[in-house]
There are 2 protein chains.
Amino acid sequence: MAEAPKDIEALIEIMARLPGLGPRSARRAVLHLIKKRGPLMRPLAEAMTRVAEAARECLNCGNIGTAELCPICTDARRANGQICVVEDVADLWAMERGGAFAGRYHVLGGTLSALDDVGPEDLRIPRLMDRVTSEHATEVILALNATVDGQTTAHYIADALAGTGVSVTSLAQGVPIGGELDYLDDGTISAALKARKSI
Amino acid sequence: MAEAPKDIEALIEIMARLPGLGPRSARRAVLHLIKKRGPLMRPLAEAMTRVAEAARECLNCGNIGTAELCPICTDARRANGQICVVEDVADLWAMERGGAFAGRYHVLGGTLSALDDVGPEDLRIPRLMDRVTSEHATEVILALNATVDGQTTAHYIADALAGTGVSVTSLAQGVPIGGELDYLDDGTISAALKARKSI
């Protein structure tokens, strides 16, 4: 016989498909949930049902929200002509946590990748081109990951925007705040040295 | 503003209370769920609701199932006079995965602990005493963790059962299958040496 009843095994199997959980930790999480049925499992199931019903992608920028347009796209104060291009909603949230950016975002939903057969049509790049015109953007900030695919995508977008007169920038590369040189890779140190500034 | 809408933030907060997930990995898991609303999030919410409704502890042994008595306690073939005492349902499932035990279980629901103020009444120890008599047990196997609290509990139960005539055993201690001596702690090596057997 299986160790756990069918319904519980099914739940463990689905939980194990979450990023960061494997079969063993999913089992542990489910047991914990069952022990705390009242205070934890029911509220979690309800919150999940609610979000599954309500969550949707912003038609304009791809951010995740509960309305057709996300709060950032409907906030007129954020229409300052800057559009920050990120790979993923998680990156958008990370930027918002920083609180240093006052413009709007554009979530690509991935990066160009020849290996995985992801082309510009599969991302939201055509939509970005439209927005640059329709929102009278003055600057497009490419906040893409410093990976090969991220940088390839950044170059592609910069090329595509070349004729539009919008200024295209990217995040600075260098030593992270609180970072120790001894633990940094050579590439970062070289980049930080090349981009050194007078103090 | 918060990065994510209220409902999503609430879901992230609840997810972060699962063992093995923190605020960051909960955020990642929730984003993944939202991206896979159809194939993953809805089935998960439904499975969770179903288990929250159905799951209950077996009145006899404390195993988790969906009926008043678990399949092991209702299976007459498993009434062989052996009762295996475990701390937790996870341990019961681990024993069942091994498939080497044909008797019934008794889940204590924890260990005795002076520090956390857990006494015999807080565990299922009185119920174990009843079962030893009512189920005509011949052997009680103490499969408790090899921790201080686990071993204290084992000794307490062995003492409590001393007058009943039932034979009390515990799992063997020694080198795990596939284990390398070099990576084992001194205690395990000493225990394995003391319990050596002729081949």
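Author: Two strands pair if DSSP finds at least two bridges between them. The model discussed here is predicted.

Reader: In which order do the 4 strands of the open sheet in chain A stand?

Author: The sheet is open, and its strands pair in the parallel sense. Neighbouring strands are turned by 25 degrees against each other on average, direction ignored. The order in chain A is β4-β3-β5-β6.

Reader: Which strands of chain A stand at the edges of that sheet?

Author: An edge strand here has a single partner strand, so one side of it is left without a neighbour in the sheet. In chain A this applies to β4 (104-107) and β6 (167-170).

Reader: Over how many bridges do β3 and β5 of chain A pair?

Author: Strand β3 covers residues 82-86 of chain A, and β5 covers residues 139-142. V85(A) stands opposite L142(A) in β5(A). The parallel pairing of β3 and β5 in chain A runs over 4 bridges.

Reader: How are α1(A) and α2(A) oriented to each other?

Author: The axes of α1 (residues 6-15) and α2 (residues 23-35) of chain A come within 8 Å and cross at roughly 125 degrees. Angles of 65 to 115 degrees count as roughly perpendicular and those over 145 as roughly antiparallel. α1(A) and α2(A) are therefore oblique to each other.

Conventions:
Residues numbered from 1 in each chain as written. Chains lettered and ligands numbered in written order. Predicted model: local features only at pLDDT ≥ 70, side-chain atom pairs only at ≥ 80, totals over all residues. Heavy atoms only, no water. Axes fitted to C-alpha atoms, helices over the stretch in contact; angles between N-to-C directions. Helix = DSSP H or I, 4+ residues; strand = E, 2+ residues; numbered from the N terminus. Parallel < 35°, antiparallel > 145°, perpendicular 65-115°, else oblique.
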